Amino acid sequence: MLPVSVPALAPVPHDPDVVIVGAGSAGIAAARRLIAAGARVAMLEARSRIGGRAVTTAIRGHALDLGAHWLHNGPINPLVRLARARKERLRLAPQERHLFIHGREAGRAARAESGRAFAIAERALTLAARDPKDRPAASALPMLGPAGREVRAIHGLISGRPFDEVSLHDVPDMDYADNFFIAGGLGAYIARLAEGLPVALNSPVTEIAFSKQGVSITTANTRLSAKAVLVTVPMAVLQTGAIRFSPTLPATHEAAIHGFTQGVYEHVVLHWPSAPFRGADRLARLSGGRREPPGLLTAIDNTPFHFFELDQPYAAALDGRDTDAPARLVRAVLGEHFGHRAIRDLTVCADTRWRHDPWSRASWAVVPPGLVGNRDILKASVDGRLWFAGEALSRAQWGTVGGAWEEGARAAGEIAGSLALKS
Ligand SMILES: Cc1cc2nc3c(=O)[nH]c(=O)nc-3n(C[C@H](O)[C@H](O)[C@H](O)COP(=O)(O)OP(=O)(O)OC[C@H]3O[C@@H](n4cnc5c(N)ncnc54)[C@H](O)[C@@H]3O)c2cc1C
């Protein structure tokens, strides 16, 4: 599907100071910062579009995000700050959520019980994480009664892996206050931020050679030499060996890259005008059926579009099946909860497969128990010539566009400093 926003790009210089591999959020942030510092920058992007795991497409005339959609953590998210400075239209995500039990909106008592369970879980996770010894995050959850299933499912969904595969020391912030959506879609916003940048599209990098003297970057069509290179490629892609490093990376970097697991989070995009969800942009949890889906985002931007979210176990169960399997699954689950008459006008418009996309291979990078140091290890440059950035390196905002942006800007600042540019 085509992106709704296609920025005008500049040609890449033949003699760049810095090559940036990947034109997603981290690469775009880095390029803007380096160019502002006076560097000649060349960006090499494997896909035929910029934006990476943030892309907005038009479905039935509506702008919908197939990748990142939320601007999380407003107070610390650099993309929220930038949006405000640019006078972009942000809308605060609502606090109200839907809870349906056997297809009926739950009463006040059930909603309060669910809220209490999340608050207890939050406190328990925060306290347990103070113990210097790391362990699986799920092991820190107290007994929470029937609401415990919901807590585990939501934490697993937003972590990208079942919660017992996630480091307790790395649990993402569950505070959903101060989250935003941006008018026209998050992918379109990221694309606007790439306007005028020097990007060569359809240019997968296959080899990076580095030494104290400089770097040499190879694609199928070109070889560029530069003073420094910044690699913003997803960890799961680096794990495949798609880019050969010469000499090989230091053992610490190599181990850190291979220590991440693949976070899986996929959207099945629904058009469902008669859906029972009132109010725009609310999360919904369906409880009580034989199958309890991990979560939905409903009435997106007050339209008849909804995301049925797939967590890692749901997505894995669809792997190897035919292309209609996600649509059948959604119809079966929603039919079971709301009755088959209720879904007569439901259409499944798209389902994402980031986990199979050769340029992402995952939705984000997850740290298993005991490996939380991986994010910081990769922040160290190799020989003062080769840097890494991307969502995987962010401690406070991993798995997000804001974290990727922050890390791209951080690495760019260091590169500018090392090249004695104004940073
Ligand atoms: C379905 C889904 C929903 C999400 N929801 C949210 C959300 O609501 N909010 C949020 O903040 N985050 C969300 N995320 C996560 C967010 O999309 C990512 O954290 C962020 O986009 C990562 O940015 P990045 O720059 O680190 O990596 P990417 O965006 O992946 O950019 C890396 C770039 O490198 C390119 N590349 C790969 N290999 C090569 C190569 N060999 N040579 C050249 N280029 C290469 C890729 O094509 C890509 O453009 C979601 C992700 C998914 C998949």
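Buried area is the accessible area (1.4 Å probe) that two parts lose on being put together, summed over both. In this predicted model, about 2,100 Å² is buried between domain 1 and domain 2, and carbon and sulfur atoms give 66% of that area. Arg60, Pro369 and Trp398 supply 25% of the area that domain 1 buries against domain 2, more than any other three residues.

The bounds of the two domains come from an automatic or database domain assignment and are listed below.

| Domain | Residues |
|---|---|
| domain 1 | 18–73 + 78–89 + 182–261 + 366–418 |
| domain 2 | 96–175 + 265–356 |

Taken over C-alpha atoms, the centres of domain 1 and domain 2 are separated by 29 Å. Their contact (heavy atoms within 4.5 Å) takes 26 residues from domain 1 and 28 residues from domain 2.

Two salt bridges link domain 1 and domain 2, a salt bridge being a side-chain nitrogen of Lys or Arg within 4 Å of a carboxyl oxygen of Asp or Glu. The side chains of Arg395 and Asp170 form a salt bridge with an N to O distance of 3.9 Å.

On the side of domain 1 that touches domain 2, strand β4 (residues 62–65) provides the largest share, three residues; strands are DSSP runs (E, at least two residues), numbered from the N terminus.

Residues are numbered from 1 along each chain as its sequence is written. Local features need pLDDT of at least 70, side-chain atom pairs count only at pLDDT 80 or more, and totals for chains, interfaces and linings use all residues, while side-chain values use heavy atoms, with hydrogens and water left out.

Key:
Helix = DSSP H or I, 4+ residues; strand = E, 2+ residues; numbered from the N terminus.
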